[in-house]
Amino acid sequence: MKVVLFCGGYGMRMRSGNASDVPKPMAMVGPRPLIWHVMRYYAHFGHTDFILCLGYGAHHIKDFFLNYEETTSNDFVLRGGKAELLSTDIADWSISFVQTGIESPIGERLRRVRQYLDGDEMFLANYADVLTDAPLPEMIERFENSEAGASMMVVPPQSSFHCVEMDEGGMVGSITAVSEMPLWENGGYFVLRQDVFDHIPENGDLVADGCAELAKRGRLLAYPYRGFWKPTDTVKERAALDDGYTRGERPWALWENSKRAVSFA
């Protein structure tokens, strides 16, 4: 399946105070940017045809792939002054770079790359800034076996805040952590059918318009997931992932487990 990645937003919550036009998907986690980790996740499951919805800071993403250095994350032999790769990351990837506007909402970005989907009945989509170890084949199979027009991964609330229940006099009856409440939030991993385009108006949003309308019609499927799922909405969240990578704690890197399995076979 083709994979549409939305990577043209400003990412204002990721700002550390320094002026920069680097888009959020290009924030580093280990030696590679977020978008690379997301793409490696999909490639691990055999989905290597990517459509990048570019916008703000697009040249950073283009430059990264145009000047991609395989030796950063692959073993190699240096012979005669030339590197001979023992493995490669992106040699079998197809990546379409499409400028979808600086200010475009997610839904409009999707509309602008529809022609690159070649009429495929189903395709995948992602915000390119969230990491997970969710079983993608299971997610896709559930969707294929449904009549839904869209499937959205949903996860428990990530907030560390607490909700307070009180009476009219202000006396507190209970305190509950948001993460323990029977709520789910958008996890950013989508499986979509062409039907979704029927419900996204010009300059519309994928979730607020497309998914919301499908939900009204009983055609939005949720994929609840309680496993590893980490957003990168803030500098702190990105730093935590980077720290985990350094310590070897990167459950989202399923491809590394595959490499080890091959090495020890």
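User: Which residues is H37 in contact with, leaving aside its neighbours within four places in sequence?

Analyst: Contact means heavy atoms within 4.5 Å. By that rule H37 touches V29, R32, L131, Y245, W252 and W255, leaving aside its neighbours within four places in sequence. A caution on the source: this is a predicted model, with local features needing pLDDT of at least 70 and side-chain atom pairs counted only at pLDDT 80 or more, while totals for chains, interfaces and linings use all residues. Residues are numbered from 1 along each chain as its sequence is written, and side-chain values use heavy atoms, with hydrogens and water left out.

User: Is H37 buried or exposed?

Analyst: Buried means under 20% relative accessible area, exposed over 50%, and partly exposed in between (1.4 Å probe, protein chains only). H37 has 1% relative accessibility, so it counts as buried. H37 sits in helix α1 (residues 34-44); helices (H or I, at least four residues) and strands (E, at least two) are DSSP runs, numbered from the N terminus.

User: What polar contact joins the side chains of H37 and W252?

Analyst: Polar contacts are pairs of N or O atoms within 3.5 Å; within protein, one must be able to donate a hydrogen and the other to accept it, and residues adjacent in sequence count only if both atoms are side-chain atoms. The H37 and W252 side chains meet at 3.1 Å, and the H37 side chain also reaches the backbone oxygen of V29 at 2.7 Å.

User: Now helix α6: which of its residues are buried?

Analyst: General idea: an α-helix has 3.6 residues a turn, so residues three or four places apart point the same way. In α6, the buried residues are R238, L241, G244 and Y245. Down the axis of α6 they fall within an arc of 120°, so they line one face of the helix; the arc is that of the directions from the helix axis to the C-beta atoms. On the face turned away from that buried side are the exposed K236 and T246. After α6 comes G248, with a positive phi near 80°.

User: And the sheet: in what order do its strands run?

Analyst: Two strands pair if DSSP finds at least two bridges between them. Here seven strands form an open sheet, ordered β7-β4-β1-β8-β13-β10-β14, with mixed pairing. β7 (94-99) and β14 are the edge strands, each pairing on one side only.

User: How many bridges join β10 to β14?

Analyst: Five, and the two strands run parallel. M153 stands opposite Y223 in β14, while A150 stands opposite L220. In β14 (residues 220-224), L221 and Y223 make up the covered face, with L220, A222 and P224 on the uncovered one.
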